[in-house]
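Here is a short report on how the chains of this model meet. Start with the structure below, then read on.

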Amino acid sequence: MKTTLHRIAFTALATAISTSALAEDPLRIGAATYGLQGEFMQLWSNALEAHPAVLSGDVEVTVFDGRYDALVQSNQFDSMITRQYDAILFVPIDADACVAPVIKASAAGIPVVGSNTRCNTDQLASFVGSDDVLAGQMVAQQVIDQIGDNGKVVVLEGPIGQSAQIDRGEGIDKVLAENPGIEVLERRTANWSRAEALSLMENWLTAHRDEIGGVIAQNDEMAIGAIQAIIASGRSPNDIAIAGVDGITDALKAVTQEQMATILQDATAQAQGALDVALARLGKADEVPLSDIWERYPELEWAGGEADTYNIPWTLVDQDNVAELLEQRQ
Amino acid sequence: MSTPLLHAEGIAKSFSGVPALTNGQLSLRAGTVHALCGGNGAGKSTLLNVLMGILQRDAGYVQIDGREVNFPSPHDALDTGIAMISQELEPVPDMTVAENIFLGREPRLMGALVDHRRMRLQAEQLLRELELHLPANARLGSLSIADMQMVEIARAISRDARVIIMDEPTSAIGERETELLFAAVERLKARGTGIIYVSHRMNELYRIADDYTIMRDGTFIETGAMADIDRHRLITTVLGKELDEEYAKYNRPGADTLLEVDDYGRGKDFERVSLDLKAGEILGIFGLMGSGRSEFLDALFGAAPAERGSARLRGAPFQPREPGDAMRAGIAYVTEDRKGSGLVMGASIKRNVTLASIPDVARNSLIHEGMEDAVATPFVERLQIKASSLDMPVKQMSGGNQQKVVLAKWLQTQPSILLLDEPTRGVDVGAKREIYAFMSEFARDDRAIIMTSSEIPEVLGMSDRVIVFRKGRISGELHGDELTQENLVRLSS
Amino acid sequence: MNQASSSATPTTSATDHRNRITGFLSDYGIIVAFIVLCVILSVVSPYFLGVNNLLNVLRQVSINGVLAIGMTFVILTRGIDLSVGSMMAFAAMVAASFAVVDSGMPLIVPLTLGLAAGLALGCVNGVMVARFAIPPFVMTLGMLSMARGLTYIYSDGMPISSLSPSFLWLGQGMVVGIPVPVILFAAVFMLAWFTLRYTTFGRYVYAVGGNPTAARLSGIKVSRITFSVYAISGLLCGLAGLMIAARTSAALPQAGVAYELDAIAAVVIGGTSLAGGKGRIVGTLFGVLIIGVINNGLDLLGVSSFYQQLVKGAIIVVAVMLDRSRLSNT
């Protein structure tokens with residue numbers, strides 16, 4: 001208790017006189033995630049812990065589990081503001097519910113860097129993420145490239161109303177509009193869930209028999225559920241074009257068996273990039289080590305950390321790069 | 001005769017095609033108590049429920065002051081000035097006495113808020129009038145059952161009801177409360193209120209009723225002035241047949257001591273209870289509500305084990321920690337609350353009969369339905385249980401038949417000691433006699449009965465010896481000539 | 001008593017007739033409702049009655065079915081088990097961790113440990129409810145959260161996949177054309193039906209639910225029975241855990257969220273009274289099937305999942321309404 005108080009007092013003092021020298025105590029960065037219960041956010045937070053500035057001890061990160069609840073996230077913001085964190089990395093559960101906490105934090109002088117999921121406010125210091133509309137376009141294009149200009153597809157969507165569902169859906173719509181020969185047989189939510197997608201796909205296979213030529217899934221879990229339904233029905237997933245988004249480990253394995261395609265969302269780049277930008281906004285970019293993502297994606301302009309938005313590119317996972325990606329997961 | 005306050009005629013009502021009432025008739029004069037008599041299943045409750053608007057009649061008419069009325073709901077009956085105090089209490093235990101009395105018609109402040117002060121004052125005045133020493137702001141759940149019943153009565157009176165239906169109002173209350181109730185009834189009569197009174201206790205009817213109506217098998221039989229019918233004719237008319245002597249007693253206590261209890265005690269419920277039970281004996285335990293009599297039986301059965309003292313059964317130490325212990329030692333316990341702790345109301349007769357002896361009807365843990373029928377069938381005949389089938393749910397049976405099912409359940413465990421707590425509560429006259437006959441038949445050879453009852457004639461009629469409980473202790477023991485009403489009342493209060 | 005009835009109640013025979021019909025409907029109403037539903041669905045969808053589709057339905061309901069059977073035991077004793085979804089997820093995770101391809105464990109190890117994990121948690125519920133008199137709602141609500149927490153702790157929030165083919169057979173295999181999960185569900189159903197109908201234990205369960213006080217005073221060890229039903233529910237959660245992991249080829253930490261609702265719904269639709277002591281396992285079977293057929297049918301017809309929820313909820317309410325009217329009739 002005493003040391004905590006001391007630390008808070010010290011940080012406040014240090015901030016107040018804006019010491020030019022490297023602070024004795026590490027910078028305290030809070031990471032507010034929407035929830036740690038999925039593989040993607042696990043990869044994201046693991047990447048954060050592996051950031052060179054964290055490893056060197058210059059930065060101390062605390063990861064908060066938002067438990068998929070906007071209210072929980074808002075409360076966590078309150079405590080981060082009270083405890084005067086130096087900066088906050090924010091992966092909101094909802095693009096609108098996140099606005100109030102961000103305004104509160106920036107009013108308290110704490111820069112908030114968004115990551116992965118968008119927040120509908122101009123108060124974010126910056127946003128480091130990937131463009132979900134683009135992902136939607138890519139996943140739809142993958143399927144259409146395989147089945148040609150004419151064919152019938154089904155679309156598995158995320159929970160209705162979530163921003164990723166809306167944006168990826170928009171991307172899918174764009175591509176479908178450009179391809180009038182493609183007929184959408186069914187379009188339903190399976191709530192990002194493998195088990196739900198499995199049952200749904202089983203029933204669609206019954207209703208549409210062999211008509212289904214492609215499965216456009218807004219995430220990999222649902223794509224894998226669809227593959228399992230296809231196998232269970234005695235068909236081969238190699239005969240149906242299936243694509244998902246995210247690049248979770250099971251999806252990478254499925255790619256090696258040529259059962260599907262996936263669009264890798266780079267959790268490492270999103271997490272570490274956000275921390276890099278936060279450090280730049282705190283004026284520490286020159287004093288502490290930054291991540292190597294800027295070298296890995298040459299098309300990504302660092303711009304001294306001053307840009308409003310950093311769009312981490314999506315990577316199409318195919319036979320060429322899947323082995324290497326799987327290796328990184330081990 | 002002037003226009004009756006309430007007149008009903010030709011009332012009929014069927015349930016699922018089975019007629020419960022075919023010709024209900026009743027004429028109540030203002031300022032009188034009218035005894036409605038009949039065995040269980042005679043149709044009394046159905047008639048009363050029709051009068052209260054709880055059930056809708058299929059045929060017949062009801063008049064108040066000579067004008068025909070129709071009550072689609074109990075609320076309409078209440079508005080017209082008919083109130084009922086039923087066998088089943090329906091209080092709200094978490095509300096205060098005053099709130100219960102004025103439930104649904106609380107005095108208002110500015111039309112919307114409850115005027116708690118006025119409500120309390122009115123309740124206090126009412127309780128004073130009835131000579132009830134109950135705090136108006138006490139939580140109802142904290143009161144005894146008897147006091148709760150008195151609150152129900154106060155509630156009916158407070159409605160200024162012109163007709164009050166009292167269905168077995170004294171079945172759960174003691175002597176003192178009964179006296180208070182009768183005093184209240186006298187005051188109501190003086191105010192011109194008419195009271196329909198149902199009770200299986202003949203003594204009460206002769207004390208307070210002016211007129212009577214007898215029903216049997218869902219039909220009106222006869223009506224008249226109470227003064228014109230003697231006890232014997234009343235009972236035979238209710239039953240439709242001649243009766244044996246009311247308290248049949250053939251058992252003779254032997255010399256052998258079956259059970260010895262030494263210095264039993266538990267918490268504040270009872271203490272320093274020592275007694276013995278002879279083979280072939282019916283030992284009566286008399287005491288008011290709260291005297292510790294039921295709690296003592298609970299302890300003997302291991303349902304709530306004694307904390308102090310010891311007991312010996314046929315000379316061997318006996319220390320029941322749970323009902324199973326007592327059952328293995330040959331003890332059976334018919335509790336006072338049939339519905340609450342005796343029967344599974346939704347289950348069939350057969351299943352209730354075998355409830356305490358399920359392993360007996362099973363081989364290798366598998367239920368053998370043939371054995372189950374074989375076990376249950378003889379009891380139907382032996383105890384004269386009236387039922388269309390062994391698969392009938394017990395909740396559809398009358399109180400007397402339910403009580404016989406409880407007895408059958410325990411007889412199947414082949415007990416040598418029967419603990420009976422209020423064995424005839426809510427049981428009609430005919431079934432009562434059958435139960436008495438069964439008791440005297442049971443208490444023979446090396447078997448014995450301990451019976452508690454709050455009905456003095458029953459205690460005096462059936463017991464070979466009576467032990468009186470008062471405030472958790474034994475206040476006296478009565479034999480032979482000492483067995484009188486005066487002695488029981490003196491020792492118990 | 002019967003003699004006078006003809007004159008007083010001329011409608012006797014009509015009401016009697018009507019009563020016989022309602023009596024039949026209340027005893028077999030659930031089966032009638034199921035058949036009506038099937039007839040309607042086979043008329044509006046040509047695929048519904050196909051053998052493959054019916055097998056799909058059975059496969060889809062088997063997990064909820066196993067959970068609902070355990071739930072029936074619990075509800076018959078006036079209890080409730082809100083923790084089934086979480087306990088299932090935990091058991092799935094434990095089993096999967098010993099079933100990964102390169103673990104080299106014989107199949108018996110994950111099977112035993114999965115069942116044991118469910119049983120252990122069920123026993124905790126049982127001890128707390130039976131011995132320490134914690135209200136079932138409270139205890140299992142606590143377990144709902146605790147078991148989910150254990151699942152995340154055990155898995156670090158990451159899914160476990162790459163399960164051995166012999167393990168996957170439990171969820172995806174077939175025996176003489178019948179899916180293995182369906183066989184497991186059928187076996188559990190038969191066992192439960194036999195237990196409740198023919199064993200002393202079954203009789204004790206009904207007695208304890210019908211009137212616990214009377215049961216105790218009749219020498220039945222009420223707390224032992226109460227403990228047992230929660231243990232049974234836990235054990236069946238273990239089995240369901242094996243089934244879901246094998247069906248989805250992975251144990252997912254967020255699996256089974258809100259599954260308790262479907263299990264309770266099936267039991268209630270099946271006519272088992274939440275007040276205890278009354279109900280049949282056959283009812284639960286049809287409750288499970290009705291929910292499954294509705295989901296399947298609406299999928300086949302391409303109806304939005306929003307309506308599925310609406311319909312399912314309405315059916316629960318109607319089922320209880322029928323139950324009430326039956327109670328007030330007697």
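## The B–C contact

This model is predicted. In it, 32 residues of chain C are in contact with 39 residues of chain B. The area buried between chain C and chain B is about 2,800 Å². Carbon and sulfur atoms give 57% of that area.

## Chain pairs

Two pairs of chains touch, and the most contacts are between chains B and C. Chain A and chain B do not touch. The nearest C-alpha atoms of chains A and B are 36 Å apart.

## Salt bridges and polar contacts

Chain C and chain B share two salt bridges. One of them joins the side chains of Glu322(B) and Lys221(C), with an N to O distance of 2.5 Å. Between chain C and chain B, nine residue pairs are in polar contact, counting pairs with both residues at pLDDT 80 or more.

## The chain C side

Which helices of chain C each supply at least two residues of the side that touches chain B? They are H1 (5–8), H2 (12–44), H8 (180–198), H9 (200–210), H10 (212–217) and H14 (305–329). The largest share comes from H9(C), with six residues.

How does this side of chain C divide by class? The side that touches chain B has twelve nonpolar residues, 15 polar residues and five charged residues.

Key
Residues are numbered from 1 along each chain as its sequence is written. Chains are lettered from A and ligands numbered from 1 in the order in which they are written. This is a predicted model: local features need pLDDT of at least 70, side-chain atom pairs count only at pLDDT 80 or more; totals for chains, interfaces and linings use all residues. Side-chain values use heavy atoms; hydrogens and water are left out. Contact means heavy atoms within 4.5 Å. Buried area is the accessible area (1.4 Å probe) that two parts lose on being put together, summed over both. A salt bridge is a side-chain nitrogen of Lys or Arg within 4 Å of a carboxyl oxygen of Asp or Glu. A polar contact is a pair of N or O atoms within 3.5 Å; within protein, one must be able to donate a hydrogen and the other to accept it, and residues adjacent in sequence count only if both atoms are side-chain atoms. Helices (H or I, at least four residues) and strands (E, at least two) are DSSP runs, numbered from the N terminus. Ala, Val, Leu, Ile, Met, Phe, Trp, Tyr, Cys and Pro count as nonpolar, Asp, Glu, Lys and Arg as charged, and the others, Gly among them, as polar.
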